[in-house]
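Open your viewer and get ready to select residues as we go.

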Amino acid sequence: MDIDARIDQLLEGYDPATTPDREFLGRQFDLGLAWVHFPEGRGGLDASPKYQEAIDARITAAGGPRIGARNPIAGMAAPTLLTHGSPDQLDHYLRPMFTCEDIWCQLFSEPGAGSDVAALATRAQRDGDEWLVNGQKVWTTMAHRARWGLLVARTDPEAPKHKGMSYFVLDMQAPGVEVRPLRQMTGEAEFNEVYLTDVRIPDAERLGAEGEGWRVAMTTLMNERVSIGGSVAPRGSGPIGEAVRLWRARPADQQDPATKDRLMRRWVEAEVGRLTNLRAQQMRQVGNPGPEGSIAKLAFAELNKSVFELCLDLLGPAGMLYRSYEMIRPEEAGFGGDGDVAKAFLRVRANSIEGGTSEIMKNILGERVLGLPGDVRTDKDVPWSTVPRS
Ligand SMILES: Cc1cc2nc3c(=O)[nH]c(=O)nc-3n(C[C@H](O)[C@H](O)[C@H](O)COP(=O)(O)OP(=O)(O)OC[C@H]3O[C@@H](n4cnc5c(N)ncnc54)[C@H](O)[C@@H]3O)c2cc1C
């Protein structure tokens, strides 16, 4: 059965308007339409990833559910598991991840290790067939809803920092896992601190070899950049569509040429970004994305900020109003602000931090794409335990 016939079968048998989301997504997974480049039986059809955009567009147009905001870490957890996980792990984790029955979180950043995540200090010590984990993670999106976490921890402090880490799937309900909310300037606490005290992880939940955690983490991070900045939305949609809508809503005497010029500049930047993503997507055959993910991520972050600044200016004094700063722990993580322009303006400030800051993206592009001399790294080849930490 070809891909179009499978989409027909999905939409005819499971009306998105009346089918519970979980059931619809489960059927989508079983038909191989979840991640079309994944193997058959694992949510895919062994097809080229280029078909995914068209699949998602048809399902979205028909009113089908999308998992992006609900399970935002799935976009990088699934390819990480596929590349480094055991068949048992794939059987166990992929389907409930896609149906959003199990929410995932990413436990990389720490108070002393954000941009330089390889400096992390959370310790995992071997104890027979288990690992004993102690430490603290921070900025953990959706940890308050998560069933499973992608955890990187230090297993050999005497090895250089990139070589002494291992990667695990953490049960967020295990004894010793404590999740505390961290409030953002939107008022929401979409992310958290996570304290790990004598948490036990079976060795079977290690992804990749002992000491190879950095290599596994790179799979996650490469996919993170694409999943944050690399989607190809229809022309004129998303934030720039919002700016155009607000422009059109302005009285004619307020549609001045200077503001129109600003709008047109943002439109051109949005379109250049969209077409670059389209080209990168078409050139990417199978496998994991390369440095073009960093270009997309950088451009997306800077563009979103400038577009929502313009939106707020277009709103005039009304842009100063805000619905509520009441602290909530949301069920979805928002990169765009659920249609509320004032909230989006505040939320997109984080786009140039989350998933790697814009400065770090520029370092990656300078070093790996342009071949410029590398950042100064004095701690690279010495044992992690000898590196001074604050
Ligand atoms: C909304 C949001 C959600 C997040 N979700 C998660 C999550 O789910 N899981 C997770 O693990 N983390 C998450 N993060 C954390 C995020 O990955 C880190 O905040 C980010 O990597 C930066 O780390 P840091 O905050 O420690 O800043 P630092 O690394 O301390 O950086 C501070 C400043 O110094 C600059 N800088 C640092 N090093 C260099 C360098 N070598 N060259 C030039 N400039 C440099 C940075 O660009 C930045 O401006 C999230 C962050 C945000 C804002």
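This is a predicted model: local features need pLDDT of at least 70, side-chain atom pairs count only at pLDDT 80 or more; totals for chains, interfaces and linings use all residues.

Residues are numbered from 1 along each chain as its sequence is written, and side-chain values use heavy atoms, with hydrogens and water left out.

**Stop 1: the ligand**

The shell holds 19 residues, and the closest are S115, W139, T141, T357 and E359 (a residue is near if one of its heavy atoms lies within 4 Å). Sorted by class, the shell has six nonpolar, nine polar and four charged residues. In this sorting, Ala, Val, Leu, Ile, Met, Phe, Trp, Tyr, Cys and Pro are nonpolar, Asp, Glu, Lys and Arg are charged, and the others, Gly among them, are polar. Colour helix 11 (residues 358-369) next: it gives the largest share of the shell, three residues. Helices (H or I, at least four residues) and strands (E, at least two) are DSSP runs, numbered from the N terminus.

Now look at nitrogen atoms of the ligand. A polar side-chain atom of T141 lies 2.7 Å from one, and a polar side-chain atom of D375 lies 2.8 Å from one. For W139, a backbone N or O atom lies 2.9 Å from a ligand nitrogen. How much of the ligand's accessible area does the protein cover? The protein covers 69% of the 970 Å² that the ligand has on its own (Shrake-Rupley method, 1.4 Å probe; for residues, only the protein chains shown count as cover).

**Stop 2: salt bridges**

The whole structure has 30 salt bridges, each a side-chain nitrogen of Lys or Arg within 4 Å of a carboxyl oxygen of Asp or Glu. Select D21 and R70, whose side chains meet in one of them at 3.2 Å, N to O. D21 lies in helix 2 (residues 21-30) and R70 in the loop between helix 3 (50-61) and helix 4, so this pair ties together parts 49 residues apart in sequence.

E332 sits in the loop between helix 9 (292-315) and helix 10 (341-347), 262 residues from R70. E332 is partly exposed, with a relative accessible area of 41% (buried is under 20%, exposed over 50%, partly exposed in between; 1.4 Å probe, protein chains only).

Move on to K161 and D379, with their closest N and O atoms 3.0 Å apart in a salt bridge. K161 is in the loop between strand 4 (148-154) and strand 5 (165-171), and D379 is in the segment after helix 11, so the pair ties together parts 218 residues apart in sequence. Both K161 and D379 are buried.

**Stop 3: the surface and a buried residue**

Select V369, L370 and L372, a nonpolar surface patch with about 290 Å² of accessible area together. Such a patch joins nonpolar side chains (Val, Leu, Ile, Met, Phe, Trp, Tyr) within 5 Å, from residues with over 30% relative accessible area and no salt bridge; like charges are joined within 9 Å. L370 lies in the segment after helix 11 and is exposed, at 61%.

Finally, go to A74 in helix 4 (residues 74-84). Is A74 buried or exposed? A74 is buried, at 1% relative accessibility.

Notes
A polar contact is a pair of N or O atoms within 3.5 Å; within protein, one must be able to donate a hydrogen and the other to accept it, and residues adjacent in sequence count only if both atoms are side-chain atoms.
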